[in-house]
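Here is a structure to read through in questions and answers. Each answer sets a value against the rule behind a word.

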Amino acid sequence: MQKQLKQYKTTIENGLVIFLGTACIFFITIKGWIESFNLLDVTTFVYLIYLLIGLLCIINYKNFKNYTSYLISANVKSIDFLIVISLMIFFILQGSVNIYALSFLCLFIFISSIVSSQEFNKHYGYLLFSVLFVSIITVIGVFIGVLENFLFESKIFHNNKVTNYPNPISIKYHFSGFQFSYNYAAYIIMSGLGITHLVLPHNSATTFLRFIFFVGLFLTQAKAAFLYIAIIIVMSIQNRVFIFFRKHLLAALLLSYCMLCHFTFATSGAEINSEYYFRDIKLSISDINVYSTLFLWLKEIFIVYISSNNLSEVSVSGFQSLSEGLEPHSMLLSSYLFGGIIFSILIFFKILKVVYELFLTASAIDKYFLSLVMVFFIESIVWDAYDSPIFWIIMLFCPLYGLYKDKSSHYYSRKI
């Protein structure tokens with residue numbers, strides 16, 4: 001009886017942690033949506049997010065303590081230690097602490113402390129389940145957007161495709177659901193797709209859930225969604241001749257995607273009604289004009305900004321004064337603005353390191369997860385992911401993938 005009560009108590013505690021994690025991640029992702037439609041008082045909503053983060057930090061206290069001890073003992077041998085120290089040095093140079101850096105630091109340390117946990121399989125499982133539940137809620141929001149489009153005049157859960165939007169294969173509408181950005185909705189849904197095999201048994205229900213995720217992912221009409229689907233298709237083809245060229249095709253796919261994010265094309269006679277996506281003509285080939293996109297324009301503004309300011313003077317807000325209020329749309333460039341060049345290089349090295357360790361430690365990688373990592377890696381060039389829970393949960397999980405997958409597969413094989 002005492003053993004049953006203990007198991008019941010443990011189940012309740014585990015469920016509470018997953019609930020708090022789900023609520024925290026979901027609320028962070030919908031903050032922009034709440035703010036844009038004035039659905040709630042933003043200040044109160046932000047305090048609620050802080051409260052959830054605080055509760056999770058209290059629950060994760062032991063992992064924080066162990067992680068801090070690890071950083072101190074490892075010091076310069078640890079890339080994490082160097083990242084934290086470089087950020088602190090930048091704070092000293094600027095004489096202030098900025099909210100962008102703190103947002104990154106809290107998120108990075110929180111997830112890294114769970115990565116280094118002795119019971120990472122259990123603790124990271126909470127995070128993965130939270131991501132899965134947020135993905136399910138997000139895809140429900142996308143389907144609500146579809147119903148809204150057919151039944152109502154409002155544009156709360158979806159938007160019309162912008163005129164001259166440089167994505168010729170997208171349909172008339174973008175369905176974003178509870179997220180302000182349909183791109184973010186796509187990131188969350190593909191994250192759910194990428195981890196289903198890690199947290200759910202291999203059965204017909206899981207297959208059906210994946211189908212629902214794919215439908216929702218397509219409905220977002222985000223470029224990253226199409227890239228993810230394209231990679232899955234390439235990874236799924238089993239023809240022996242094709243397999244030989246698969247790596248080359250995947251590399252070409254990622255490079256082409258990156259290029260098309262920064263350049264777009266239009267005939268010389270085409271009427272361009274929006275300069276938001278079509279910036280400057282960089283090249284003309286016969287009857288085709290090659291334009292710089294918003295992403296390339298922001299990088300050009302970044303070069304102008306840092307070349308005219310000392311390192312001690314650069315900031316995200318300073319950059320935004322030249323960029324129409326936008327962030328750089330690149331995680332590495334954003335990290336330069338709030339942490340300095342050494343910090344930015346270390347972040348890039350950390351991402352390369354965890355991706356390398358994914359291939360080093362895992363003998364077989366599920367195509368859904370591998371495709372997710374590839375998309376997130378290439379999207380970091382055009383996505384300010386430094387404060388995104390989804391991005392860091394997936395990327396920092398890479399070195400643990402092989403061990404976690406083996407344990408989860410063993411668990412479900414016993415259950416079945």
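Q: Is the crossing of helix 6 and helix 7 left-handed or right-handed?
A: Helix 6 and helix 7 make a left-handed crossing. The model is a predicted one.

Q: Which residues of helix 6 and helix 7 meet?
A: From helix 6 come Leu128, Phe129, Val131, Leu132, Val134, Ser135, Thr138, Val139 and Val142. Helix 7 answers with Ala185, Ile188, Ile189, Ser191, Gly192, Ile195, Thr196, Leu198 and Val199. By class, the contact of helix 6 with helix 7 holds 13 nonpolar residues, five polar and no charged.

Q: What makes helix 7 roughly antiparallel to helix 8?
A: The axes of helix 7 and helix 8 cross at roughly 160° and come within 9 Å. Angles over 145 degrees count as roughly antiparallel. Helix 7 is therefore roughly antiparallel to helix 8. The crossing of helix 7 and helix 8 is left-handed.

Q: Which residues make the contact of helix 7 with helix 8?
A: Helix 7 brings Tyr182, Ala185, Ala186, Ile189, Met190, Gly192, Leu193, Thr196 and His197. Helix 8 brings Thr206, Leu209, Arg210, Phe213, Phe214, Gly216, Leu217 and Thr220. The contact of helix 7 with helix 8 divides into ten nonpolar, six polar and one charged.

Q: Why does Thr220 count as buried?
A: Thr220 has 0% relative accessibility. Buried means under 20%, so Thr220 counts as buried. Thr220 lies in helix 8 (residues 204-220).

Q: What is Thr220 in contact with, leaving aside its neighbours within four places in sequence?
A: Thr220 touches Val142, His174, Phe175, Tyr182, Ala185, Ala186, Ile189 and Ala225.

Q: What is noted about the phi of Gln221?
A: Gln221 has a positive phi of about 65° and is not a glycine. Gln221 sits in the loop between helix 8 and helix 9 (223-236).

Q: How do you know that Gln221 is buried?
A: The relative accessibility of Gln221 is 0%. The cut-off for buried is under 20%, so Gln221 counts as buried.

Q: Why are helix 3 and helix 5 called roughly perpendicular?
A: Helix 3 (residues 61-74) and helix 5 pack at an angle of about 90°. Angles of 65 to 115 degrees count as roughly perpendicular. Helix 3 and helix 5 are therefore roughly perpendicular to each other. Their axes are 8 Å apart.

Q: Which residues of helix 3 and helix 5 meet?
A: Asn63, Phe64 and Tyr67 in helix 3 meet Phe108, Ile109, Phe110, Ser112, Ser113 and Ile114 in helix 5. The contact of helix 3 with helix 5 has six nonpolar, three polar and no charged residues.

Q: What makes Phe110 buried?
A: Phe110 has a relative accessible area of 14%. That is under 20%, so Phe110 is buried. Phe110 belongs to helix 5 (residues 99-115). Leaving aside its neighbours within four places in sequence, Phe110 contacts Leu56, Cys57, Asn60, Phe64 and Leu127.

Q: How far apart are Phe110 and Ile53 in sequence and in space?
A: Phe110 and Ile53 are 57 residues apart in sequence. From C-alpha to C-alpha, Phe110 and Ile53 are 9.6 Å apart in space.

Q: Why is Gln320 called buried?
A: The relative accessible area of Gln320 is 19%. Under 20% counts as buried, so Gln320 is buried. Gln320 lies in helix 12 (residues 316-320). Not counting residues up to four places away in sequence, Gln320 touches Tyr100, Gly325, Leu326 and Glu327.

Q: Where is Glu324 found?
A: Glu324 is in the loop between helix 12 and helix 13 (331-361). The phi of Glu324 is positive, near 60°, in a residue other than glycine.

Q: How many helices and strands does the protein chain have?
A: The protein chain has 16 helices and five strands. Of its 416 residues, 50% count as buried.

Key: Residues are numbered from 1 along each chain as its sequence is written. This is a predicted model: local features need pLDDT of at least 70, side-chain atom pairs count only at pLDDT 80 or more; totals for chains, interfaces and linings use all residues. Side-chain values use heavy atoms; hydrogens and water are left out. Helices (H or I, at least four residues) and strands (E, at least two) are DSSP runs, numbered from the N terminus. Buried means under 20% relative accessible area, exposed over 50%, partly exposed in between (1.4 Å probe, protein chains only). A crossing is left-handed if the near helix is turned anticlockwise from the far one by less than a right angle, and right-handed if clockwise. Contact means heavy atoms within 4.5 Å. Ala, Val, Leu, Ile, Met, Phe, Trp, Tyr, Cys and Pro count as nonpolar, Asp, Glu, Lys and Arg as charged, and the others, Gly among them, as polar. Axes are lines fitted to C-alpha atoms, for helices over the stretch in contact, and angles run from 0 to 180 degrees between N-to-C directions. Angles under 35 degrees count as roughly parallel, over 145 as roughly antiparallel, 65 to 115 as roughly perpendicular and the rest as oblique.
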